[in-house]
Amino acid sequence: MARFITLCSSSGGNSTYIGTATEGVLIDAGTNNKQLTLALHNAGISDESIKAIFLTHEHGDHISALKVFAGKRNIPVYATGGTLSGLMNLGLLDGRFPYEKLMNEGVSIGNMHISHFPTSHDAKESCGYVIELPDRRVGVCTDTGKVTGEILRALGTCDMVLLESNYDETLLDFGPYTMALKARIRSDIGHMSNPLCASTARELLSMGVRRFVLGHLSRENNTPDRAFSCTNAALKHTGAEEGRDYILDVAPVGSMDKCIIF
Ligand SMILES: [Zn+2]
Ligand SMILES: [Zn+2]
């Protein structure tokens, strides 16, 4: 059985375990070593099960636990060349953990194959991932200001997709952020709004994806209810029924596990 566990998911920190009970990878390593260790322990995943960490990009909410977490366990880290250069600039590639640049053909680890696709974000070379497990395909797509055809083609092959649903447009408009930060978030190299997430999920449903988890919600500019309602309405609008034609979940905001066995 496949395990999909969001260990933390919000603009404050992101990390997701994808694999089986005994073999898997982490996508990103946000928050800190203590919280990630605790979240994995609570989910019943041992250190030995984590075969590698794949990074989407070098922003703090995706790498803040990397130095200690990967260093202590000597876990190999995979990232694009751009992300690795970002880590180098941050002084993180100092021999604490092994690392490797992602190649176009992807990476095979044990019974898994991991491939990546470019996202549109204000980082050096951000990406999303498709993780092929023996009997499931899982996609992860966060931190992108637009959803390209390439992203849809990659995610459309998956059984389950973790999609960013970062902000509610009204909450962002009237929220505490500066005009510059609001513009950055809304831009093509920012984040996915609830409506963009909803239209993406609708497209993916038509391509055969049946299970959606919404993540990377902003604490300031979104709520789990707003994110859920927006995407659920779009999926229902196609005539599909929740529970029968699709399953929709929202990852808890902050450092709380959500474990889906499927
Ligand atoms: Zn980012
Ligand atoms: Zn992020």
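Residues are numbered from 1 along each chain as its sequence is written, and chains are lettered from A and ligands numbered from 1 in the order in which they are written. Because the model is predicted, local features need pLDDT of at least 70 and side-chain atom pairs count only at pLDDT 80 or more, while totals for chains, interfaces and linings use all residues.

Reader: In what order do the strands of the sheet that contains E1 and E14 stand?

Author: Helices (H or I, at least four residues) and strands (E, at least two) are DSSP runs, numbered from the N terminus. Two strands pair if DSSP finds at least two bridges between them. On that basis seven strands form an open sheet with mixed pairing, in the order E6-E5-E4-E3-E2-E1-E14.

Reader: Why is one side of strand E6 and of strand E14 left without a neighbour in the sheet?

Author: Strand E6 (99-101) and strand E14 (258-261) stand at the edges of the sheet. One side of each is left without a neighbour because each has a single partner strand.

Reader: How many bridges join E1 to E2, and which residue of E2 is the bridge partner of Ser9?

Author: Strand E1 (residues 3-10) and strand E2 (residues 13-19) run antiparallel and are joined by seven bridges. The partner of Ser9 in E2 is Asn14.

Reader: What angle does the direction of helix H1 make with that of E1?

Author: Contact here requires C-beta atoms, placed from the backbone, within 7 Å. Axes are lines fitted to C-alpha atoms, for helices over the stretch in contact, and angles run from 0 to 180 degrees between N-to-C directions. Helix H1 (residues 33-42) packs on the sheet and touches E1 and E2, and its direction makes with that of E1 an angle of about 150°.

Reader: Is Asp28 buried or exposed?

Author: Asp28 lies in the loop between strand E3 (24-27) and H1, and has a positive phi of about 70° although it is not a glycine. A residue is buried if 20 or more other C-beta atoms, placed from the backbone, lie within 10 Å of its own, exposed if 12 or fewer, and partly exposed in between. Asp28 has 29 C-beta neighbours inside 10 Å and therefore counts as buried.

Reader: Is Asn74 buried or exposed?

Author: Asn74 is placed in the loop between helix H3 (66-73) and strand E5 (77-79). Its phi is near 55°, a positive value in a residue other than glycine. With 9 C-beta neighbours inside 10 Å, Asn74 counts as exposed.

Reader: How far apart are the end C-alpha atoms of helix H8?

Author: The expected span of a helix is 1.5 Å times one less than its number of residues. Helix H8 (residues 194-206) has 13 residues and should therefore span 18 Å. The separation of its end C-alpha atoms agrees with this, at 19 Å.

Reader: Which strands does H8 touch in packing on the sheet?

Author: An open sheet with mixed pairing has the order E7-E8-E9-E10-E11-E12-E13, and its edge strands, strand E7 (107-109) and strand E13 (247-250), each pair on one side only. The direction of H8 makes about 160° with that of E11. In packing on this sheet, H8 touches E11 and E12.

Methods:
Contact = placed C-beta atoms within 7 Å.
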